Number of protein chains: 2
Amino acid sequence: MDGKFHVVVLGGGFGGLTFCKSFQSEGTRVTLVDRTNHHLFQPLLYQVATAGLSTPDIAQPIRSILSDREDITVLMDEVLDFDLAGRKIVLRENTLPYDYLVVALGGCNSYFGHPEWEAFAPGLKTINDAVRIRSRVLLEFEKAENCAAREETAKLMTIVIIGGGPTGVELAGAFAELARTVLQNDFRHIDPTKAHIILLEGAPHILGNFPLDLSQSAQRQLERMGVHVRTSTFVKDIREGEVELKSGEIIRAGTILWAAGVSAVPLTKKLGVELDKAGRVKVNPDLSLPGHPEIFAIGDLALVMDEEGKPVPGVSPAAMQMGRHVAGIITEGIRFGPKAARPPFKYFDKGTMATIGRSAAVAQVKRIHLSGYPAWLMWLFVHIVFLIGFRNRVAVLLNWAYAYIGYKRGARIITTGAPGTAPAQQNNWQP
Amino acid sequence: MDGKFHVVVLGGGFGGLTFCKSFQSEGTRVTLVDRTNHHLFQPLLYQVATAGLSTPDIAQPIRSILSDREDITVLMDEVLDFDLAGRKIVLRENTLPYDYLVVALGGCNSYFGHPEWEAFAPGLKTINDAVRIRSRVLLEFEKAENCAAREETAKLMTIVIIGGGPTGVELAGAFAELARTVLQNDFRHIDPTKAHIILLEGAPHILGNFPLDLSQSAQRQLERMGVHVRTSTFVKDIREGEVELKSGEIIRAGTILWAAGVSAVPLTKKLGVELDKAGRVKVNPDLSLPGHPEIFAIGDLALVMDEEGKPVPGVSPAAMQMGRHVAGIITEGIRFGPKAARPPFKYFDKGTMATIGRSAAVAQVKRIHLSGYPAWLMWLFVHIVFLIGFRNRVAVLLNWAYAYIGYKRGARIITTGAPGTAPAQQNNWQP
């Protein structure tokens, strides 16, 4: 390394990318590794799944974001293992030595010990997931239009979403709108407004992280859009095309989506430190790994407490704040060596929000609770402001304006073959 | 059919869609069948393959285009066979009886008796093809950045395009621009401007359908952009990652693309009428099938002569004119029965053009020959005016303006996994 420090960052999500943007230290090289070639604006991923936006609207090549940073090398590669003693990262194509390591690999869907459910109820984590879900739902409507049997048509037009957190609520609202407004006049044999959108939640309320009044408001807003919200409802089993509830009831559905649980990526197990039940790394207050002051874990896979002693939530503002915090610590470490200060991470909660649909949302900022149109306006504003990259911002705005005015969605393109050209499972789920 | 006439249209391309839009006859039902759910603006497909545009920019749901036409039913289904005697179409999911049939299924790539080449040198016909080609080329650059061996890097950064017609020329120019301007600063280990773009053509000139001065101009414009144009060069064999020429020379390349030949879809063989070598249906002057006045073939799969006795070319304006012509004949046929007039189809040649890149193109309108900037402006104007659907037009314009001003391309998203996560062939070519 010709005497230079080398910082390796694993993951180009909000945490890793914010680290790279904030960190700059004379003579230090940075390598950012990501499995994909793009940074994903995950808060809008559900819009790709529901045909509101197209993939380049919410994804940007990481290389392009960092192209003016000569000190940063971007590698598209996959992390296989850590060699903590040798200070090396084992990638599929390379092995990378590091002086400092920032682990920002994020999370994945968790099926509560039922990994076999994933095949029947995919979750929404990547661009490919979103494109697959979009194709799947649109194909089910196409099949329903081709189908004479009434009962089968009803099944094809049923979408079950498991999990009433923000992702589940956003998916349910967006699919209800898709069926009731966008697709309304497109079919001759079926009536898309008769689609069943069912949102299942185990707890007594959806959006459990929100204050009760906002949870209830969100439920009312969803029901007004025709979504069947079923709380205190537990899933016992998921099979191809059907969900079995604990009560024994069976719901048949053309599309089943999983939005019930996330955990840290399984790779955290290889770090050899204590994890919580969701696989998150129990980091020191400065976000470093216990016993490894040269390694930091940030974003969704880090477990750290806020000032009230509650875990910092797995949201993008938290990941970005952590990225900035660690960039400061490593800069100081390189400048002053082991005697550098290592302040603890402090989470600044800017509030939370969830969008439900056209003019429908809930938002909480400190003690202010908003719902309906004002919350939706705030959601719109925040998401447009924080969209990284000018092109995306303009494109997304135009898309939304077009959708809002015209009740149309441009991204309704099925990128798979015709129905039945391959075994159903294989065909429908190819990206 | 409750006494009503039923017109079945196979294919939602330029021919089929124009037919549907022009045809309207009191009490007649129309069913449009397409394998996909979208109409594709095929002249811009190469822009998706080269990361200039995203899929919804050039694809629009057929249902949405025809949603105000209550008389038209759209089915997403695949044609398997014709029952000409029984006047029925056999689809995968249904069987459709018809009174009039319009066959507008278009063409597919033709490998001159070497179908095995398709696996190594895909062509560009569908949205999925374009997305796969884009992912493939971008992945090869990512692999090159990860690769230490120099010779291997050179191979990964070589793109061979076989066929110097408009599609081949457009692909070569767009890839040259992608490498030389857009990707220029994005890598640290490789220099994308050193990418080899090789265009192979068997004839002595590229763009054989154009006047000689324009062919030569196109070649000069391509060479100025760094494309190696090799005319009078024949391909003997194509294998994984290499092209063998008739001379015995072997060119190794990370990406090999086929733009050398198209033929009508194989289904034309089932129509039981005379075909030409490219599988096109030799139709009557009114575009009907010999012996079947109730069946018409239009677009790329129809062979009909223009007023000079030359075959009408397989371009979108011809397909649209044919769609309009047949709409008129069927309307008359329904109104007046067998004694209705059946005028012959007359092709109005509006000119031809091919774009090469930024401010580079060639165009011919009657006796006017344009090349360079004026031809490019004309190309831009024509393509924007003819893009179906307002949303697309604005989005495409914005994308192009952004690309033109910023030398950026927003659609550079690889929608496959990381390199090497699956067997190369399978991984790289998944959409």
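**Getting to know a predicted model**

Trainee: How many helices and strands are there in chain A?

Mentor: Keep in mind that this is a predicted model. Chain A has both kinds of element, and the tally comes to 12 helices and 25 strands.

Trainee: Why does chain A count as being as compact as a globular protein of that length?

Mentor: We compare its radius of gyration with what the globule rule gives for 431 residues. The rule gives 22 Å, and chain A comes close to that, so it is as compact as a globular protein of that length. The radius of gyration of chain A is 22 Å.

Trainee: What does the C-alpha trace of chain A span along its principal axes, and what share of its residues is buried?

Mentor: Along those axes, the trace covers about 70 × 50 × 45 Å. To be buried, a residue has to have under 20% relative accessible area. Of the 431 residues in chain A, the share that passes is 58%.

Trainee: How far apart are the mean positions of the positive and negative charges of chain A?

Mentor: Chain A carries 46 positive and 43 negative charges.

Trainee: Over in chain B, are the two faces of β11(B) covered or open?

Mentor: Let's go side by side, since in a regular strand the side chains alternate between the two faces of the sheet. On one side sit T158(B), V160(B) and I162(B), and on the other I159(B) and I161(B), all of them buried.

Trainee: Which residue stands opposite I161(B)?

Mentor: Look at the neighbouring strand in the pairing: 5 bridges join β11(B) to β12(B), residues 196-200, and the two run parallel. In β12(B), the residue facing I161(B) is L199(B).

Trainee: Is F112(B) buried or exposed?

Mentor: F112(B) sits in the loop between β10 and α5 of chain B. Its phi is near 45°, a positive value in a residue other than glycine. Most residues other than glycine have a negative phi. The cut-off for exposed is over 50%, and F112(B) has 53% relative accessibility, so it counts as exposed.

Trainee: And L207(B), is that one buried or exposed?

Mentor: L207(B) also has a positive phi, about 45°, although it is not a glycine. You'll find L207(B) in the loop between β12 and α8 of chain B. Its relative accessibility is 2%, so L207(B) counts as buried.

Technical notes: Residues are numbered from 1 along each chain as its sequence is written. Chains are lettered from A and ligands numbered from 1 in the order in which they are written. This is a predicted model: local features need pLDDT of at least 70, side-chain atom pairs count only at pLDDT 80 or more; totals for chains, interfaces and linings use all residues. Side-chain values use heavy atoms; hydrogens and water are left out. Helices (H or I, at least four residues) and strands (E, at least two) are DSSP runs, numbered from the N terminus. The radius of gyration is taken over C-alpha atoms; the globule rule is 2.2 Å times the number of residues to the power 0.38. Buried means under 20% relative accessible area, exposed over 50%, partly exposed in between (1.4 Å probe, protein chains only). Lys and Arg count as positive and Asp and Glu as negative; His and the chain ends are not counted. The place of a charge is taken as NZ of Lys, CZ of Arg, CG of Asp or CD of Glu. Two strands pair if DSSP finds at least two bridges between them.
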